[in-house]
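Please walk through this structure with me, starting at the ligand and ending at a contact between domains.

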Amino acid sequence: MAASDHDPGAVPMTSATQRETRGFQAEVKQLLRLMIHSLYSNREIFLRELISNASDACDKLRFRALAEPALLDGGAELAIDVDFDATARTVTVTDSGVGMSRDEVIEHLGTIAKSGTAEFLAALSGDQQKDAQLIGQFGVGFYSAFIVAERVEVHTRRAGLAAAEGVHWSSDGSGEFTVENEPLEQRGTRVVLHLKEDAVEFADAWRLRGLVKRYSDHIAFPVRMAAAPGGEAAAPAPARREAVNSAQALWTRPRTEIQDDEYREFYQHVAHDFGAPLAWSHHRVEGKREYTTLLYLPSRAPFDLWHRDAARGLKLYVRRVFILDDAEQFLPLYLRFVKGVVDSSDLPLNVSRELLQQDAEVEAMRAGITRRVLDLLAKLAKDEPEKFAGFWKEFGQVLKEGIAEDPANRERIAKLLRFATTATEREVQDQSLDDVVGRLRPGQKHLYYVLADTWNAARQSPHLERLRQMGIEVLLLHDRIDEWMTGYLGEYEGRTFRDAGRGDLDLGELETPAEQAADAAGAEAALALCGRLREALSGRVEAVRVTQRLAESPACLVRAADEVGAQLRKLLEAAGQAPAAKRPTLEINPAHPLVQRLERLADGEDFRDFAALLLDQATLAEGGQLDEPAAFVRRLNRLLLGGAPAPMKS
Ligand code: ADP
Ligand code: MG
């Protein structure tokens, strides 16, 4: 049977010990090629990745041994050994962790399990520097070995399986790998890198020690190397080994003794991101329930931030024993970008994902952790606004979900929101609600916003002409989630939110008595015109009334306060759940010459055409689509030609 390119799992198992050659999954081939090119200048990361995998393997075995102590038969010690041979040009990383079965080897070292991998690869640009960043965020893992190695061999035996079920995997990284069974005395995994000629620098004690210290000091298991040799003669007896790292779980050490660099390295390990974290918070909770958290905000959004099934959550430890990855029960969905560790002193060691779901203890920890993240963000916003701006750019849209998802923290989240507004005239979202509240006009009861598809459309919306004229600041909302979010915002600092494109603007005491009187007089005078327009446009509008919003435009459309807006309608339509659209209300500006001209026209075809034109242009001005564009053009042309009634076929 030929090896399959696409689905190694589809190849039927040959008899258990036979040697077989298989092709990597197409995505692996692509990733390997890109990685070797774009990560060349960061190539020492291979060691961190291999040690990270070895550490994960030790974590997993320690966890499984809780239920099945026999898994540790043959040696309870969990450790990682790093060796090299300068003559043979090899570097070897050995662990006494959980190991892999033959099927596991084929699956884990032949495919990429991450969702969205294909899209991720498609997003790579070919620009080395940019791609290196992206690949780093993607988490390069095991395959990074091929940046420095021309051949990689893995010898592994799954804990609990017999010696004969050891497996030997080998590949040159160009497209295929071979697997065969091989008797192995010890459980665990040994990865042997046959270095490329230009990577011999890594077959060196000093270089390797430096890398272990630098990248893997936080690893909770000893990373051992042969004790520094006295001379060049290779000792015939096995050299004494010593731990090169401090082998203490980072989060268990006191904050004051941890360097920023150590926090950063640990982030790369937990987040599988070789960028730097934006900020972190390390905290021990004591008292009724005891746990430690080390939480990180990444600098950049991961490629799969919007994937439903993307991994999220924290690494869960119980009394320093690793329990599970991606424990999403400790964070709400809108904080899914947070990475880190939670180590509980109270949860039982045999806790499972299912148990976590209904545990009151976990619920309380989640509330505590949520508060801690929000506090970290608030602190960042206050003390390091530039960093916070970076955060907002990457994760602001996700944080907005919290307004709906987390009513208990709504006020806290609202404080963190950032907006583009009419006060700045910049597209960048950098104004907080506190900023806006600080600029309220005396007597202003509402926080006004306008919703549109783009910032430009929001900024130019006729709905805010009058507000602008009065010097009232308006939030310019155009993110996909904004309309949904505004439905949950409620109020802020006693000011209710109000959509400038719906219902009554309620300018109230913002207008002087004289302005109010003028408004009322204008409305009164235009009452008859409104009635005539309603008649002419019957079936297309709900009502016609005199505007409070316009200053320069002749007319605009307004939705009822309870009507679904354009953004939300699109989302609902996509889900097949949109309610029937209501007819809009047409608001006219009696001070506008066009409206005044209309008023002078007698009822008849001209008046009807003119009225239709007014409605159509109001629709266009808010980015809407005309039902009958050809009719609009015909009417417009007629008007351009002097409004002379021309004989028309319809
Ligand atoms: P990740 O560590 O993010 O899962 P990697 O590419 O580093 O991705 O590793 C892929 C998988 O290969 C791991 O999830 C693990 O199942 C397996 N693996 C890699 N190295 C080891 C090891 N030393 N011991 C046991 N399993 C390993
Ligand atoms: Mg890994």
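In this predicted model, the side chain of Asn-53 places an N or O atom 2.8 Å from an oxygen atom of ligand 1. Asp-95 approaches through its side chain too: an N or O atom there is 2.9 Å from a nitrogen atom of the ligand. For Thr-189, the distance from a side-chain N or O atom to a nitrogen atom of ligand 1 is 3.3 Å.

Now take in the rest of the surroundings. Asn-53, Asp-95 and Thr-189 belong to a set of residues around ligand 1 that also holds Ala-57, Lys-60, Met-100, His-108, Leu-109, Gly-141, Phe-142 and His-272.

Next, step back to the domains. The domain assignment gives domain 1 as 3-242 and domain 2 as 255-383. Domain 3 covers 418-500, and domain 4 covers 523-640.

Follow the last two of these. The C-alpha centres of domain 3 and domain 4 are 24 Å apart. How many residues are in contact between domain 3 and domain 4? On the domain 3 side there are 18, and on the domain 4 side 19. Together the two domains bury about 1,300 Å². Carbon and sulfur atoms account for 44% of that area. Three residues stand out on domain 3: His-463, Glu-465 and Glu-483 supply 44% of the area it buries against domain 4, more than any other three residues.

What kinds of polar pairing occur here? Between domain 3 and domain 4 there are zero salt bridges. Seven residue pairs, however, are in polar contact, both partners at pLDDT 80 or more.

Two helices give two or more residues each to the side of domain 3 that touches domain 4: H15 (465-469) and H16 (482-489). H15 gives the most, with four residues. By residue type, this side of domain 3 has eight charged, seven nonpolar and three polar residues.

Conventions: Residues numbered from 1 in each chain as written. Chains lettered and ligands numbered in written order. Predicted model: local features only at pLDDT ≥ 70, side-chain atom pairs only at ≥ 80, totals over all residues. Heavy atoms only, no water. Domains from an automatic or database assignment. Contact = heavy atoms within 4.5 Å. Buried area = accessible area lost by both parts, 1.4 Å probe. Salt bridge = Lys/Arg side-chain N within 4 Å of Asp/Glu carboxyl O. Polar contact = N/O pair within 3.5 Å; in protein donor to acceptor, adjacent residues only side chain to side chain. Nonpolar A, V, L, I, M, F, W, Y, C, P; charged D, E, K, R; others polar. Near = heavy atom within 4 Å.
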